[in-house]
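Here is a friendly tour of one protein chain. Keep the sequence and the 3D view open side by side as you read.

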Amino acid sequence: MKPFAVILVGISILIQKSPTAMSQEPSAFKNMTCYITSAETNGCTGIPTLQSGVLAIAKEGTFTLKAQYHGCFMVEQVTKSGRFQLFRFTETMSLELLTTKTTGIKDAVADFPRTLGFANLNYDRLDGYFVDISAVIRGYGRHTEMITTSKLQCE
């Protein structure tokens with residue numbers, strides 16, 4: 001029983017010394033507006049992919065994305081909203097975005113939680129990249145090459 005108590009005390013000391021590295025709470029987080037710009041794609045796709053957008057992140061743990069998706073012969077103006085989970089690292093932070101409501105997509109089935117993607121930012125410049133996996137989800141996992149990475153700049 002003694003080694004178990006020593007391990008617990010050691011873990012609690014580590015957590016107290018490094019609260020930002022272990023924190024997943026958005027409590028010390030501030031509101032941000034982020035601009036997403038996608039790299040040019042060579043050719044069109046049958047599944048709309050993210051081209052540009054504005055991502056509003058609230059310190060309460062919610063987000064709204066107003067985006068433009070392009071596909072072959074189609075352009076969709078889409079609004080997605082939901083909640084995020086914040087992961088803090090030494091020099092960067094990562095937000096996993098979980099969509100709970102979508103408007104503007106013709107074939108949206110129902111508003112149930114779906115992972116939209118991951119926003120990865122460095123602390124100093126608030127720039128980074130956005131990994132959009134929603135196209136893969138819309139393609140029911142058949143088009144894994146549709147995962148796109150876009151530039152992200154927040155203020």
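Predicted model: local features only at pLDDT ≥ 70, side-chain atom pairs only at ≥ 80, totals over all residues.

Residues are numbered from 1 along each chain as its sequence is written, and side-chain values use heavy atoms, with hydrogens and water left out.

The score pLDDT is the predictor's confidence in each residue, from 0 to 100. The protein has a mean pLDDT of 77, and 70% of its residues reach 70 or more. Look with care at residues 3-27, where pLDDT stays under 50. For that stretch the model has 16 contacts beyond four places in sequence, a contact being heavy atoms within 4.5 Å.

## Inside and outside

How much of the protein counts as buried? Of its 155 residues, 37% do. Here buried means under 20% relative accessible area, exposed means over 50%, and partly exposed is in between (1.4 Å probe, protein chains only).

The accessible surface of the protein comes to about 9,500 Å², and 59% of this belongs to carbon and sulfur atoms. Such areas come from the Shrake-Rupley method with a 1.4 Å probe; for residues, only the protein chains shown count as cover. As for contacts between residues at least 6 apart in sequence, 45% join residues at least 24 apart.

## A disulfide across the chain

Which two residues form a disulfide? They are C34 and C154, with their sulfur atoms 1.9 Å apart. A disulfide is a pair of cysteine sulfur atoms within 2.5 Å, and by this rule the count comes to 1. The pair links distant parts of the chain: C34 sits in strand β1 (residues 32-38) and C154 in strand β8 (residues 148-154), 120 residues apart.

The torsion about the S-S bond is about 105°, so this disulfide is right-handed. C34 is buried, because its relative accessible area is 0%. C154 is buried too, at 5%.

Next, find S94 in strand β5 (residues 92-103). Is S94 buried or exposed? S94 is buried, because its relative accessible area is 10%. Leaving out residues up to four places away in sequence, S94 touches Q85, L86, F87, F89, A119 and N120.

With N120, S94 also makes a polar contact, side chain to side chain, at 2.8 Å. A polar contact is a pair of N or O atoms within 3.5 Å; within protein, one must be able to donate a hydrogen and the other to accept it, and residues adjacent in sequence count only if both atoms are side-chain atoms. F84, in strand β4 (residues 74-88), is also buried, at 9% relative accessibility. From C-alpha to C-alpha, F84 and S94 are 9.7 Å apart in space, and 10 residues separate them in sequence.

Searching the whole structure finds 1 salt bridge, meaning a side-chain nitrogen of Lys or Arg within 4 Å of a carboxyl oxygen of Asp or Glu. The partners are R125 and D127, whose side chains meet at 3.4 Å, N to O. R125 counts as exposed because its relative accessibility is 54%, while D127 is partly exposed at 21%.

Most residues other than glycine have a negative phi. F73 is not a glycine, yet it has a positive phi of about 60°. You can find F73 in the loop between β3 (62-71) and β4, where it is exposed at 87% relative accessibility.

L126 is not a glycine either, and its phi is positive at about 55°. L126 belongs to the loop between β6 (114-122) and β7 (127-132). Its relative accessible area is 12%, so L126 is buried.

Notes: Helix = DSSP H or I, 4+ residues; strand = E, 2+ residues; numbered from the N terminus.
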